[in-house]
Amino acid sequence: MSALIAPRDKASDRIVPPSGFTVLLTSFTAGAMAFLTVFALALSLATGRLADRWASELAQTSTIRISAPAEQMDAQLRAVERVLQTTPGIASARTLSEEEQRQLLEPWFGPDLPIENLPVPKLVEVIENSEGYDSEGLRQRLAAEAPGAILDDHTRWRKPLVSAADRLRMLGFVAIVLIAASTAAMITLAAQSALAANAQVIGVLRLVGARDSYIAGAFVRRFTLRAFVGAVGGTVLGTLAVALLPDSEVAGNFLTGLGFQGAHWIWPFAIPPLAALVAHLATRNAARRTLRGIA
Amino acid sequence: MIELENVAYSYGGGELLSDVSLKLSPGSFHFLTGPSGSGKTTFLRLCYGQLIATAGQVRLFRKDVRELSRDGVAGIRQRIGVVHQDCQFLDHMSVTENIALPLMVSGRGGGGAAENLVDLIGWVGLTPRANALPAELSGGERQRAALARAVIMSPDILLADEPTGNIDWDMSLRLLKLLIELNRMGKTVLIATHDLNLIRAAKSEVAARVLRISNRRLQLAGSDL
């Protein structure tokens, strides 16, 4: 990073006039883009976690729901357990307790639900082994042994969700690339404008023997530094905003923990150096092109 | 050092200079005169690689300017000091920083450069104005600052384009004395001016050769000078 902005000598950066709208524009653009990048990054990482979790659960668990008259419930439950014990590919199966079912229903019906007095179906959680089971065969056996039992292997609702989460993650990364490209375009325009506005400065520098690489370097360092400073500001604000989002418990799992978790908090720190790198490359190209065009 | 051979320069469909030949030898002192618009500035620009001749050949330190890259021209300019009539400073930098600019861009700002800089500013009489901005200087002070900047790299050649154009006679003589002093140090000096009094004043001090641009051609001036 320091190699991008360190001047050859202390005074060399003074050759570019100190103020200018284009420099402010660069800082603001880099800051705004860094702010947006933090959110795109948070979105990508969160949807990535979600997709991974859903995909993992999809591959391992399923549920059997038993809806039957109260007097037949125990018999059908025992029938389901027998079927499961003899079905290849199932690692374990257990019936959810009334307390677990109460917790599942609590978000909709509130606490202290008298679940024992309600015709709530029994739920059996099935965990498959690495080989997996034949879901169609299991459905047929359940239909024969326990007519009230329905196998839900979650495929129908989880697969599209996993697919959507994967696409959302991809969109997040595409957004980051687009933000970087937009930053480069804005900084290129700003640098070209600054170079054109400083044609007299460039003329003087050439008169005293400055090479174009020296002139370009001074402009590049100025824009790189401004972009870095702007990006630091934008990243700090964006990260604070993400940190202040309600967590998944408060938001009732709706946001599914949008934000950074664990080591992912390191990622935003990469944004300012990347913004500086983008600014460096954009300004360098703009400077070379513009200087070639100035006689 | 600087050689022009059958050089012509055209711009906008018209020929400004035609069949110009000249060889500036080390330690020589030249005046270039002619009416306004005769092509004096164009001639000087050809001499430091700012313009490329449309015909003929310009050689700077034995190198054909046409074959020089932009960096090559930059390198040559570190050996040719140029003083413009409008001085051309960086307005946001102090007098000292402007004078030190050639050192800065060539990476020679270290060592004894600071001491030499102070001496040079004293030589042109600008010590009290060293920290002023260019806009705060008088016309004569600006010209002396431009001269100091032109010689700080100890160039072999000094080109001055109407250096006394915006200053009074006393200041013109003071500047001329500095240029003659540089010539006595062995520097080649070429001054473009339309001020014939300045040329007459110089001829009593130095063996100056006077050239005139007339009808697009370069010729030796007559005995009236």
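This section describes the two chains of a predicted model, the contact between them and a number of individual residues.

Chain A contains nine helices and four strands. Along the sequence these elements follow the order α-α-β-α-β-α-β-α-β-α-α-α-α. The radius of gyration of chain A is 31 Å, whereas the globule rule gives 19 Å for 295 residues, so chain A is more spread out than a compact globule. Taken along the principal axes, the C-alpha atoms of chain A fill a box of roughly 100 × 40 × 25 Å. Of the 295 residues in chain A, 41% are buried. Among the contacts in chain A with a separation of 6 or more, 84% are accounted for by residues 24 or more positions apart. The accessible surface of this chain is about 15,800 Å², and carbon and sulfur atoms hold 63% of that area.

Chain B has eight helices and ten strands. Its radius of gyration is 17 Å, in agreement with the value near 17 Å for a compact globule with 225 residues. The box filled by the C-alpha atoms of chain B is roughly 45 × 40 × 30 Å along the principal axes. Buried residues form 55% of the 225 residues in chain B. For contacts in chain B with a separation of 6 or more, the share from residues 24 or more positions apart is 70%. Chain B exposes about 9,700 Å², with 46% supplied by carbon and sulfur atoms.

The contact between the chains involves 24 residues from chain A and 21 residues from chain B. About 1,900 Å² is buried between the two chains, and carbon and sulfur atoms give 58% of this area. On the chain B side, the residues that lose the most area to chain A are Arg70(B), His92(B) and Val105(B), which together make up 31% of what that side buries.

Aromatic pairs number three over all chains, counting ring centres within 6.5 Å. In one of them, the ring centres of Phe35(A) and Phe39(A) lie 5.2 Å apart. Phe35(A) has a relative accessibility of 30% and is partly exposed. Phe39(A) is likewise partly exposed, at 30% relative accessibility. An aromatic ring in chain B has a charged group over it: the charged end of Arg79(B) sits over the ring of Phe61(B), at 3.8 Å from the ring centre.

In chain A, Thr61(A) lies in strand β1 (residues 61-66). The relative accessible area of Thr61(A) is 17%, and the residue is buried because this value is under 20%. Apart from neighbours within four places in sequence, Thr61(A) contacts Val126(A), Ile127(A), Asp153(A), His154(A) and Arg158(A). Arg158(A) is located in helix α6 (residues 155-197) of chain A. With a relative accessible area of 9%, Arg158(A) is also buried. Although 104 residues separate Arg158(A) from Trp54(A) in sequence, their C-alpha atoms are 6.8 Å apart in space.

In chain B, two residues other than glycine have positive phi values. For Asn6(B), phi is near 50°. Asn6(B) is part of strand β1 (residues 2-11) of chain B, and its relative accessible area of 42% makes it partly exposed. For Arg62(B), phi is near 70°. Arg62(B) occupies the loop between β4 (55-60) and β5 (63-64) of chain B. The relative accessibility of Arg62(B) is 76%, so the residue counts as exposed.

Lys177(B) is placed in helix α7 (residues 169-184) of chain B. This lysine is exposed, with a relative accessible area of 58%. Lys177(B) and Ser138(B) are 39 residues apart along the chain, and 19 Å separates their C-alpha atoms.

Terms used:
Residues numbered from 1 in each chain as written. Chains lettered and ligands numbered in written order. Predicted model: local features only at pLDDT ≥ 70, side-chain atom pairs only at ≥ 80, totals over all residues. Heavy atoms only, no water. Phe/Tyr/Trp six-rings, centres within 6.5 Å; stacked < 30°, edge-to-face > 60°. Buried < 20%, exposed > 50% of the residue type's maximum accessible area, 1.4 Å probe, protein only. Lys NZ or Arg CZ within 6 Å of the ring centre and 35° of its normal. Helix = DSSP H or I, 4+ residues; strand = E, 2+ residues; numbered from the N terminus. Rg over C-alpha atoms; globule rule 2.2 N^0.38 Å. Contact = heavy atoms within 4.5 Å. Areas by Shrake-Rupley, 256 points an atom, 1.4 Å probe, with all protein chains shown as cover. Buried area = accessible area lost by both parts, 1.4 Å probe.
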